[in-house]
Amino acid sequence: MNKVLKRILLGLLIWVVPFLVSVLIWDTENGGPKVSLAWFYSIMAVSGAIALAISLCIYFKTLKKSEAVREGWLTGFTWYAILVLMDLLVLVGVFGMEIEGYYHLLLMYLNPLIIAIG
């Protein structure tokens, strides 16, 4: 598979897994999570970490060592952009989340960037 397509699909996987988990624990009637907010954010972080670990293993297992640094930077920035864009499109665009409530995710989404570079 083409590296660019693989990078994009795995970036989408990193976004989709926590999104699907959040759908399972979101109470649409009350407009909030079925668990406490602390648990909700913890569950999102763990599900995102699992998706990230799987994506990193899949993407980097076939690369040569000489490509690792360059691909780490490219992959990290690509995944950061995908996560930010998907949240803007879905959470802000479709679900009407206030943009102010979105800003903390910009910092949280640095994790895939930092870890991919590392």
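Trainee: Which helix gives the most to the nonpolar patch?

Mentor: In this predicted model, helix α2 (residues 37–60) gives the most to that patch, contributing 4 residues. Isoleucine 50 lies in helix α2.

Trainee: What makes Leu13, Val46, Ile50, Ile54 and Ile58 a nonpolar patch on the surface?

Mentor: A patch requires residues with over 30% relative accessible area and no salt bridge, and nonpolar side chains are joined within 5 Å. Leu13, Val46, Ile50, Ile54 and Ile58 form such a patch, and together they have about 400 Å² of accessible area.

Trainee: Why is α3 called roughly antiparallel to α5?

Mentor: Helix α3 (residues 68–94) and helix α5 (residues 110–117) pack at an angle of about 170°, their axes lying 8 Å apart. The term applies to angles over 145 degrees, and therefore α3 is roughly antiparallel to α5.

Trainee: Which residues in α3 and α5 meet?

Mentor: From α3 come Gly72, Trp73, Gly76, Phe77, Tyr80 and Leu83; from α5 come Leu110, Pro112, Leu113, Ala116 and Ile117. The residues of this contact divide into 9 nonpolar, 2 polar and no charged.

Trainee: What makes the pair of lysine 3 and glutamate 71 a salt bridge?

Mentor: The closest N and O atoms of lysine 3 and glutamate 71 are 3.6 Å apart. The rule asks for a distance within 4 Å, so the pair counts as a salt bridge.

Trainee: How many salt bridges does the rule give?

Mentor: The count comes to 4 salt bridges.

Trainee: Which pattern does the protein follow along the sequence?

Mentor: The 5 helices and 2 strands follow the pattern α-β-β-α-α-α-α.

Definitions and conventions. Residues are numbered from 1 along each chain as its sequence is written. This is a predicted model: local features need pLDDT of at least 70, side-chain atom pairs count only at pLDDT 80 or more; totals for chains, interfaces and linings use all residues. Side-chain values use heavy atoms; hydrogens and water are left out. Axes are lines fitted to C-alpha atoms, for helices over the stretch in contact, and angles run from 0 to 180 degrees between N-to-C directions. Angles under 35 degrees count as roughly parallel, over 145 as roughly antiparallel, 65 to 115 as roughly perpendicular and the rest as oblique. Contact means heavy atoms within 4.5 Å. Ala, Val, Leu, Ile, Met, Phe, Trp, Tyr, Cys and Pro count as nonpolar, Asp, Glu, Lys and Arg as charged, and the others, Gly among them, as polar. Patches are made of residues with over 30% relative accessible area and no salt bridge: like charges are joined within 9 Å, nonpolar side chains (Val, Leu, Ile, Met, Phe, Trp, Tyr) within 5 Å. Accessible areas come from the Shrake-Rupley method with a 1.4 Å probe; for residues, only the protein chains shown count as cover. A salt bridge is a side-chain nitrogen of Lys or Arg within 4 Å of a carboxyl oxygen of Asp or Glu.
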